[in-house]
Structures are given as structure tokens and as C-alpha cells.
Amino acid sequence: MALALPAFFFPSQKPSLLSSHWLGGADLHSYQHQYRLLKTRKKPCVGASLSERGEYHSQRPPTPLLDTINFPIHMKNLSIKELKQLADELRSDIIFHVSETGGHLGSSLGVVELTVALHHAFNAPQDKILWDVGHQSYPHKILTGRRDKMPTLRQKNGLSGFTKRSESEYDSFGAGHSSTSISAALGMAVGRDLKGRKNNVIAVIGDGAMTAGQAYEAMNNAGYLDSDMIVILNDNNQVSLPTANLDGPIPPVGALSSALSRLQSSRPLRELREVAKGVTKQIGGSMHELAAKVDEYARGMISGSGSTLFEELGLYYIGPVDGHNMDDLVTILKEVKSTKTTGPVFIHVVTEKGRGYPYAERAADKYHGVAKFDPASGKQFKSSTKTQSYTKYFAEALMAEAEVDKDIVAIHAAMGGGTGLNYFVRRFPARCFDVGIAEQHAVTFAAGLACEGLKPFCAIYSSFLQRAYDQVIHDVDLQKLPVRFAMDRAGLVGADGPTHCGSFDVAYMACLPNMVVMAPSDEAELFHMVATAAAIDDRPSCFRYPRGNGVGVPLPARNKGVPLEVGKGRILIEGERVALLGYGAAVQACLAAASLVEQHGLKVTVADARFCKPLDRALVRSLAKSHEVLITVEEGSIGGFGSHVAQFMALDGLLDGATKWRPMVLPDGYIDHGSPADQLEEAGLTPYHIAATVFSILGQTREALEIMS
Amino acid sequence: MSFGVVPGSSNQALHVWPNHVPATRIGGGYRWRVAPRRREGSWSAGLSSSSFRTRAAVDERGFVTAKGSFYELLGISEGGSYDEIKKAYKQLARKYHPDVSPPDRTEEYTRRFIEVQEAYETLSDPGRRALYDRDLTRGLHLAFSTRKRFDEELEDRSGWRDCWQDQISELKRRSMNKDVGENLSWGAQMRRQRAESSIE
């Protein structure tokens, strides 16, 4: 079996090379098969179906060379040809592993050659290699001793889907959010200089991450400090995620992309250089300096604003370079490494996202993030669910609001797919703004829109909004501008881990004086809250909703929610002795806990606070006065909903009597990646935990233990 | 049909990027090529994968040009002399100048005028003309195979190689003189210190 080797894994090799590796036994037939495949591949066949062309392995593909590499040091003596083979095997290994676990596929495939070249040329872990965001680090992990752990990728106690310092000494810096690599690399370079060490520092950053301001802050500083370091721009012309909207690929956002594309046109520059070289030859060697100056000016003139931008910031620009040509990459890296005193060097590498796996190359989103899939057909295994995701419901709610109100506009930061605004932009193309990975700008931009009377909805993930916190305070809240924040991925997020976890948004939003803070407990509430936010026009407001699907309640007619009364919660179940006051998605856990507790003969009250700010004081007062225990439950950190309830209760004298208040919040630590159920378990916020807490406060420890076992 | 849309590609192949150079700019340099430099991703076609991608037949200016070469545009033979080119250019420029075009066809005429202008700029310069001629001989095969795109991509890439090889030599040259002189950057001072301490 397994000998009909896919032609795609050996894209540039001729049949003779195939034969030297794979011919043996009864392979002649498959060799001819491969030869035919290779031949036909060169001709463009419009509409050829992939299944006729090659096979993908559902079992582990053979990787003889990769099997001998456990750490980068094993790669030192490989020839270029062997490195190419290694890259191909690495590619097939990644496809195989990601098909089993799910994860970020396209980006990893695009940097295979670059990773191999980096580890061949440099000496990790002494040389520090930093991967911006880290989602493209799968080849890096495989080459640095973690290949056998790849089946545990993004699962509990397994490999992280991003780089993580505590996981391996080869991961120089943890990442998950974008555009931090150059800053960190500069820090490491300067630290190295102060300590008198001699290692190299390399940051690999994508063109999408280059749209964020921090990258420029870092380059500006790097140019000034002039410390030796290398910045590699991985340019695959994909600046927005997922790299497409519903109808096809997105043309790059922002002016930077066109500047980068212009850089790739070498023709006129080359000509001028030829002319300049000719001139130097004629004049003689002593005009060497002059020629160099001409070169410098020529680069600025001909290449336009592109390379000069990086040069002006003080980085030496090299490129563009074919990011899938092993020869080129290794040559350049070795040359730069061997040159002493370079200062900061900027290498512009052009790659293709999803390269080497045709389904990914052809997909509009380049298979950026995939669930488990079948390698042979590229089909992802997506389980069918009865309800849709909260993200989709949000998009539908916003569209319904925007139909009736022309002033509603939506802003996101390069996350059209993740926020659901791809649906919105299809319906209202002129009213949706993608600013690139620039959350700070997105918030202030929304503030500007609000000044002009528009109703901006800023859809930014809870953890990504952290980056724009000062803008939220200073530009929006302080001036009381009616910007609406739709914070998706609030609470625990599962496989992406702590970098993407939205645990802090209740705390950081609810402490702001003018902000209205609310959270829906189910999808119908989400529709109503979108309507409420649209109606609140005199102050900023926000609402948070989790990753995942709805619970299955009936939706409002025509997707149009009804604005809620601000500062009013609701009681879902009337009970006695104990009141569970939930905020947001935690209400569902409270309802489940209530049914668990009922099995032991106690009927508790369950209430949905809806608003953290302004808090429904009447509700809290009545709950506190009519129950022995009030438990507040939220999927957020300390300082959030529970703290606001406690503050109010204390000030109102409600804690002076017999009432007990207990908070249930996320623990004071970072919860590692895993499935959502595992994470909730570790956080202690499952219905079982809530039910057990109820009993243990009442002193019924036996029931508490029964529930937890 | 030398520069028509590739058969089989979708309508999206003609999508004009919002960042495209506006039609009124007369580009400096030789840009009248089939394939825009910008990468369009491999979604446009059922073509097979990886190294080459289809490019729409939209030039840098964003509109599809359905005519042939510069020579055809000027109405002269491919071996035409400089005088012939100049004469043809003057004639056509006078004809298509926006000021003298019929009022209902100004836009079309202006476009033609710009094309004629660019044709003249390319063909009147011997170096540029030589390159153009060489591409044209390949370009004639354009409509019938994608090998030109493949070659062009390779040529692009090999052009890149010359470019970065130069850059690397320049880098090495600069690094010789980098840390000398007054007004040293922080990094230069640290390097000097490190060098001195390793000598001791």
C-alpha cells in the first residue's frame, strides 16, 4: 500500500529523482503512474478533478529523512537536495497530523521551506527564532523534538497550537496575538548585547501582522538602536482572516499591501542596476562609492515607497525572495549570518499560504484554520448541530438592525470570518470596515464615526480588545461616545488556549464609568441585546458572548430583537433558600445545576442578571432578602460581575445580616488549551461544581460529595 | 485574442482591485503587460496548483485591452524605424488628443491617447524596445498556453535573485564601514565594547 506517492509532495522533481528513491519491488507500475501524473501536471487542465491526480495518505505517510531528524542539529549536514526532500516530507507530515487533530494548516504549509532553511542555517536554541502569532510554528515544532507529540496538538496537556516558552527551549517567545515578534526580538537582541553574548535573533512576521502599529513601533526602535537582528517578512498577500469573505478572496486591506506588491516587481530596478554597473565598469574601480550611492537612490526611486519605508526606519532591506526556493533561502540566510555588524536586516520572503496541498491552495480561505479533515479529499469533518454559532446569530441580529437603521455601521480588525461580519459585508458592503490587525485604530475610528452621528458596532474578540484598552477609556468612555462593542469569544475558548481566552472583559469594561455592560444568556437574548445596544445612543455599551453554539431557544421574529429595559434582569426559576445569579452564558450552567440540585430535593432560584452595569439593584436586593445564600456565577475573572454585586450589597447593608454571598469566577491562573468541557472542568464552573457549591454552603457536605463523584 | 481573459476563469478574474492605479496615470516605465504584478491567488481557475497562477488579462490600469501589440496600435510594422514610429505617434496623438476628440467619445479617445503615448515611449527608446520585442515574441503564444505565465513567473523570480544578490553584496560592503566614525548608534557602541573585551 502507500506507494502511489502523491505527485504534489514532490512538486519540482523530475521522474528520475522519484525513481531513485522509490523504485523497488513492484514499483514500476506506480513509478509509471507517478511519471504520468507529473507529466500531466505540467499542462494546465482547466477543471481537472483532484481525485484523478494523486492519492493522499489516510495513514501516516512515509518520511524516511524526517524520521532521522529529531532536533535541528541533525539537519546541519544535509545538502540542499536533501533539505528539499525534508521540506516535502515535512509538508506531508503536517497535512497528516493536522488532518487528525485540526488546527492552523495553511500558514504552516506556507513556511515549510523557510523553517527548514532557518534551522539549517542557524543554531537554535542558542539562536533565537521568534514566530509572530505562532500559528505557523507546526513545522518548527516537528523539527525541534516534538514530532511524537503532534497527535496531542491543541488538546488538554498536549502541544499548544502556538509557541510557548514553557513547552520547549526552542520556543523563544510565547505568542497568540499578532505583531509582537519584532518587539520581543529587539528586546532579546539588546539583552544579548548587554550580556555580551553572540547569538543571532530572528523574528518571522507575516504581512497581515505588519498592519499593526506595534510592528512599526518595534522597527522604528530597532533602526535607532541598530542592534544586530533579522526580521523576516513572510509575505503571502493575505492580510485579513480568514483570508476571504463568503464570495471569494479579499483584496488586501490597506495601502501597505500594494506597496509590498510593488516591491516584488524587480524589472525596472534591475535594468537601472545594469546601467549603473556598466557605468562603474567604464569609469573604473575608484568610482565604487559613487555607484553605491546611485544604487541607494535608485532603490528609493524605482521601488517606490516600499523598501524605502523599511530603509527609512533603519532596517536593511533584502528581497523579494522566493520563499519556496530552498537554494535561495539557505544562501541568503547563511550570507546574512556570516556578515558581522549588520544592524537590523529585513528580509522580504514571498510565500504562498497553503502551498503544497492543492485543496488549501485553491480554497478561498487557504485552509487557515481547519477541523479534522480527510487528506485525500480535503473535506473537513464538521459535526452538524441543531443551532448555529453565537457569531452567526450576532451577524444576523446586526443585519436586521441595519436594515431599519441606516446609521448602523460595523468595524472589525481583520477578522471578517471570526466575527461573522463577512455576512454583514455581503449585505451592506459600504457599511462594514476592515481596518487590518489594528484594534486600537478600530476603536478610535469608531469613536470618530460616532461623533458624526453614526452608530458603530465594533466587533472585536474579548482578548483582542485588550490591546485597545486605552482607546476604549480615553477616546470612547471618557467622551461618552456611543460606540457599541460586540465582544465575541468571551470566557474560555477551548483549543486556542489562554492567549485567546476572554476572561477579563467584564472586569475591564464594567469599571468604566459610562459603559453599559451586558451579557446574553442565550441566543434570543443576544438578538435583544444587539437591539438594546443599537438603541443606546447617549453612552458607550458592550455585550459579551461566548464561543460556541446557541442552546436552542426560539428566535425573535425576522431576527429583529426588542430593546431591553436597561438595568433590569430576570428571574428564570423561582425557588427558595439559595439564589443562583448568573451573568451571560453561565446562566445555562446555573440552570443545569438547578436541575441537579432538585434531584436532591432542593429547588433553588435561578436569575439572569443581564446587566452588570447598571446592575439590577432591585433584583439583587430582593434575592438577598429572600434567600439565605446568594451565589453569583460568571465565566470571567475576579473583579467582574461578582465584585460589582458584592460592592453594591456591601454599600446597601445587605451583607450585614444573615445573608451569605459567594462568588464563582474563573480561577486566578491561566487555563491551558483543551476542549471547552475540559477547561470548564479545570475552572470549576461546570453545573456539577455549582451544584456542589450550593450544598457545601448549606452545610450538606454529603450531597456535595455525591454530586462531585 | 492575444490578451483576452483566460478561458475558464470566472468573472472574478476581471475584478479591479481598489488599489489599482487610476486610468489617467501615464505610467513611467514599461508596464503595458498582460499580467499585473499583483498576485491574485489561485482561486481563479480550475488550474492545477502551486507554482503558477492564472492572471487576469487586466493591465495595471485596470481595464482590459483587447488590441494587439504596440506596433499594431501605432499601425506600423515590427521592424519599423524610429522615424516611422515618431510619425505614427504624432499622427495618432493628434487624432486622439482629448481636446480634439468628439464629445461623446472623449473617454475612449483619451484612453487611446494614453496607450499611444506609452507605445511611443517604449518603442522610441532602443533598450526598452528590445525588451518589449523579446516579450512580444513570447507574448504571441499567450492565448494558447500558460507556459508564458510559468516562464514569466520564473523570470520574475530569477529577476529577484539578481536583486537580492546585489543587496547581499551591498550589505557586506556596508558592514565593513558600519561601526567607524563618530556618533555611533547604541548597537555600534555595544559591538565595539564586545570586540574590545574579546581582544583583552
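**Figure 1. Contact of helices α24(A) and α25(A).** In this view, A:Arg617, A:Val620, A:Arg621 and A:Ala624 of α24(A) meet A:Val645, A:Phe648, A:Met649 and A:Asp652 of α25(A). By class, the residues of this contact comprise five nonpolar, no polar and three charged. The structure is a predicted model. Helix α24 spans residues 617–626 of chain A and helix α25 residues 641–652; they pack at an angle of about 70 degrees, and their axes lie 11 Å apart. The two helices, α24(A) and α25(A), are therefore roughly perpendicular. Their crossing is right-handed.

**Figure 2. Contact of helices α7(A) and α8(A).** Helix α7 (residues 181–195) and helix α8 (residues 213–225) of chain A pack with axes 8 Å apart, at an angle of about 25 degrees. Because angles under 35 degrees count as roughly parallel, α7(A) is roughly parallel to α8(A). The crossing of α7(A) and α8(A) is left-handed. From α7(A), the residues A:Ile182, A:Ser183, A:Leu186 and A:Val190 meet a set in α8(A) that includes A:Gln214, A:Ala218, A:Asn221 and A:Leu225. The contact of α7(A) with α8(A) holds eight nonpolar, three polar and no charged residues.

**Figure 3. The largest nonpolar core and a second, separate one.** The largest nonpolar core has 56 residues, among which A:Leu118, A:Ile232, A:Ile318 and A:Ile347 touch the most other members. The element giving the most to this core is helix α3 of chain A (residues 80–101), with seven residues. Neighbours within four places in sequence aside, A:Leu118 is in contact with A:Ile129, A:Trp131, A:Ile202, A:Val204, A:Ile232 and A:Leu333.

Figure 4. A:Gly319 and A:Pro320 are joined by a cis peptide bond with omega about 0 degrees. A:Pro320 belongs to strand β6 of chain A, residues 316–322. A cis bond also runs from A:Lys613 to A:Pro614, where omega is near -5 degrees. A:Pro614 lies in the loop between β17 (611–613) and α24 of chain A.

Figure 5. A:Asn157, a residue other than glycine, has a positive phi near 65 degrees. This asparagine sits in the loop between α6 (138–146) and α7 of chain A. Its relative accessibility is 75%, so A:Asn157 counts as exposed. A:Asp226, likewise not a glycine, has a positive phi of about 65 degrees. The loop between α8 and β3 (229–235) of chain A contains A:Asp226. With 9% relative accessibility, A:Asp226 counts as buried, because buried means under 20% relative accessible area.

Technical notes
Residues numbered from 1 in each chain as written. Chains lettered and ligands numbered in written order. Predicted model: local features only at pLDDT ≥ 70, side-chain atom pairs only at ≥ 80, totals over all residues. Heavy atoms only, no water. Core = buried A, V, L, I, M, F, W, Y, C linked by side-chain atoms within 4.5 Å. Buried < 20%, exposed > 50% of the residue type's maximum accessible area, 1.4 Å probe, protein only. Helix = DSSP H or I, 4+ residues; strand = E, 2+ residues; numbered from the N terminus. Contact = heavy atoms within 4.5 Å. Axes fitted to C-alpha atoms, helices over the stretch in contact; angles between N-to-C directions. Parallel < 35°, antiparallel > 145°, perpendicular 65-115°, else oblique. Left-handed = near helix turned anticlockwise from the far one by under 90°. Nonpolar A, V, L, I, M, F, W, Y, C, P; charged D, E, K, R; others polar.
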